Amino acid sequence: MTQSAITTTALTKRFGNFIATNAITFDVAQGEIFGFLGANGAGKTTAMRMLCGLLRPSSGEARVAGFDIYTQTEKIKQRIGYMSQKFSLYEDLTVKENIRFYGGIYGLSNRQIRDKTADLLQRLSLEQEGNMLVKALPLGWKQKLAFSIAVIHDPSIVFLDEPTGGVDPITRRQFWDLIYESAAKGVTIFVTTHYMDEAEYCNRISIMVDGKIKALDTPAALKKQYGADTMNEVFLQLARAKS
Amino acid sequence: MEPIVVQNIYKQFGNVSALHDISFTVGPGELFGLIGPDGAGKSTLFRILATLLLADKGKAMVNGLDVVKDYRAIRRQVGYMPGKFSLYQDLTVEENLHFFATIFNTTVKENYDLIRDIYEQIAPFKNRPAGKLSGGMKQKLALCCALVHKPSVLFLDEPTTGVDPVSRKEFWDMLQRLKEKNIPILVSTPYMDEATLCDRVALMQNGAIMQIDTPPAIVAEFRTKIWAFKSDDMYRLIRDLRAHPEVKTCFAFGEFLHVTMTAGPEEVSGSLTAGGHTGLVIKPANAGIEDVFMALMQAQTQPV
């Protein structure tokens, strides 16, 4: 049996009277690409922050990379990577400085950082840009670099929060090549996106509506269940049903 | 004269050519889309048309008024929704709306007809600070504020970026209804699927327009044959197809890969089956705007 990378049972977060995440239960297998979808305000970010060990749940259980999200949050942080469109790299540091900085944070040795830097720059064809400030890079390169840095410490899970917003269609697909490549190496990918074609690239998808998981299955099974041709139709049917 | 006329606009920021020889017109009641990723030059163009930035070269007219000489008059006539949320976060929904009406020497009541449809959707939250609204709600409020002075031209810079698919659909439905009021709308988006909701579009990349036409005409003009591929192991399929000598391009497109080839599909499928691929599906695919956009990007070999 495949070991679970993430397992949650009735995971709940309340803010006052408001239930942001309402008893969600799901498993993500190691090496799986798991799409975590939902409308704005459906509770995705709250759930993700709990899974990253940044927010204490109100009730329910969850383990991430085998660690408990109440008592072992520091262990979790060492074993996960995180990247979002809003927070990724330090713009005023160079490409190499960013790699060194994050490598240092995750406790890599100087030697490991040196090897990783060379490897990463070569894989992204950024050898010439190593000493450039990150803010001078095109957005698409920044995002690919941010992803590579998010997995620099070989995490077992990487959380991606709308990683591809605003980039051109070719770069968006190159970004997914990186995701596939990591997943093939056994890294679990937990990703949110508003591009419904990207939902199709996931092994399984959950769709959150008003704090609850309303659907969870493979893209093919969901399309069949809702009689839809595309994930966009599935999403519209589910997310619209609430109002 | 057409409500929006842009002629040979250039804008340079340091070494970066933000806009390169941009020309197009938008007709009365037309919904015109600027389609392209971040960095294409869309926002720079909006800022020039909204009289907030001077072009280096070229000319632009809004309602027959020059964006440089007649900037004061233009500012009174256009509705502009910038890409970054620019309402007062600490003011409530209602306060923001009244504030923008007052700035333009009008009242919400006077032009309520124009915004009723949209405002009614956010009215239940009218006492909530704008900063506490969800993404979709913020965009609806921003649209109301851009419309409250009854503009004769509407500029919307990426109104649906970062907004979920349901709110995006609602927003475009609202634009279709606004069109009926005969207001020309210039709207930008990085979502290629939204191109088909516009009357005409300009496909932009690296500060240049790669093509302008109606979405059906753009797709019809695209002659390259595209094939859709699928198998049980998509990641390996991508790698195998890209390594195949007869394959020109291979991109993921939802459930399928879109592939262009120098040979027929049977020659490629033979080697895939021999390579152990199971569940192989190959069928002709219809090109969409995104296929065309990517082909044009690759043709635009170097930044202008």
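1. Helices (H or I, at least four residues) and strands (E, at least two) are DSSP runs, numbered from the N terminus. A:Val28 has its place in strand 2 (residues 18-29) of chain A. This is a predicted model, in which local features need pLDDT of at least 70 and side-chain atom pairs count only at pLDDT 80 or more, while totals for chains, interfaces and linings use all residues. Residues are numbered from 1 along each chain as its sequence is written, chains are lettered from A and ligands numbered from 1 in the order in which they are written, and side-chain values use heavy atoms, with hydrogens and water left out.

2. Is A:Val28 buried or exposed? Its relative accessible area is 1%, so A:Val28 is buried; buried means under 20% relative accessible area, exposed over 50%, and partly exposed in between (1.4 Å probe, protein chains only). Contact means heavy atoms within 4.5 Å. Leaving aside neighbours within four places in sequence, A:Val28 is in contact with A:Ser4, A:Ala5, A:Ile6, A:Phe34, A:Thr188, A:Phe190 and A:Arg204. The C-alpha atoms of A:Val28 and A:Asp115 are separated by 31 Å, and these two residues are 87 residues apart along the chain.

3. Strand 2 of chain A also holds A:Ala23. A:Ala23 is not a glycine, yet has a positive phi of about 50°. With a relative accessible area of 39%, A:Ala23 is partly exposed. A second case is A:Glu162, where phi is positive and near 45° in a residue other than glycine. A:Glu162 belongs to the loop between strand 7 (157-161) and helix 6 of chain A. For background, most residues other than glycine have a negative phi.

4. Two further residues of chain A are buried. A:Thr117 is found in helix 4 (residues 110-123) of chain A and has a relative accessible area of 12%, which counts as buried. Apart from neighbours within four places in sequence, A:Thr117 is in contact with A:Lys96 and A:Ile99. A:Ser182, in helix 6 of chain A, is buried at 8% relative accessibility. With neighbours within four places in sequence again left aside, A:Ser182 is in contact with A:Phe147, A:Val187 and A:Ile189.

5. Helix 6 of chain A also takes part in packing between the chains. Two packed helices are described by the angle between their axes and the distance between the axes. Axes are lines fitted to C-alpha atoms, for helices over the stretch in contact, and angles run from 0 to 180 degrees between N-to-C directions. Helix 6 (residues 169-184) of chain A and helix 8 (residues 234-243) of chain B pack at about 120°, with their axes 10 Å apart. That angle makes the two helices oblique (under 35 degrees counts as roughly parallel, over 145 as roughly antiparallel, 65 to 115 as roughly perpendicular and the rest as oblique). A:Asp177, A:Tyr180, A:Glu181 and A:Ala184 make the contact from helix 6 of chain A, and B:Met234, B:Tyr235, B:Ile238 and B:Arg242 from helix 8 of chain B.

6. How do matters stand within chain B? Helix 5 (residues 135-147) and helix 6 (residues 165-179) of chain B pack at an angle of about 20°, with their axes 9 Å apart. This makes helix 5 of chain B roughly parallel to helix 6 of chain B. Among the residues that meet are B:Leu143 and B:Leu147 in helix 5 and B:Phe171 and B:Met174 in helix 6. For chain B as a whole, the secondary structure comes to ten helices and 14 strands, and buried residues make up 53% of its 304 residues.

7. Rings of Phe, Tyr and Trp (its six-membered ring) pair if their centres lie within 6.5 Å; planes under 30 degrees apart count as stacked, over 60 as edge-to-face and the rest as tilted. The count is 19 aromatic pairs over all chains. One of them, B:Phe46 with B:Phe155, is edge-to-face, at 6.1 Å centre to centre and 70° between the planes. B:Phe46 lies in helix 1 (residues 42-49) of chain B and B:Phe155 in strand 7 (residues 153-156) of chain B, so the pair ties together parts 109 residues apart in sequence. B:Phe46 is buried at 0% relative accessibility, and B:Phe155 is buried with a relative accessible area of 0%. In chain A, one aromatic cluster is formed by A:Phe26, A:Phe34, A:Phe36, A:Phe159 and A:Phe190.
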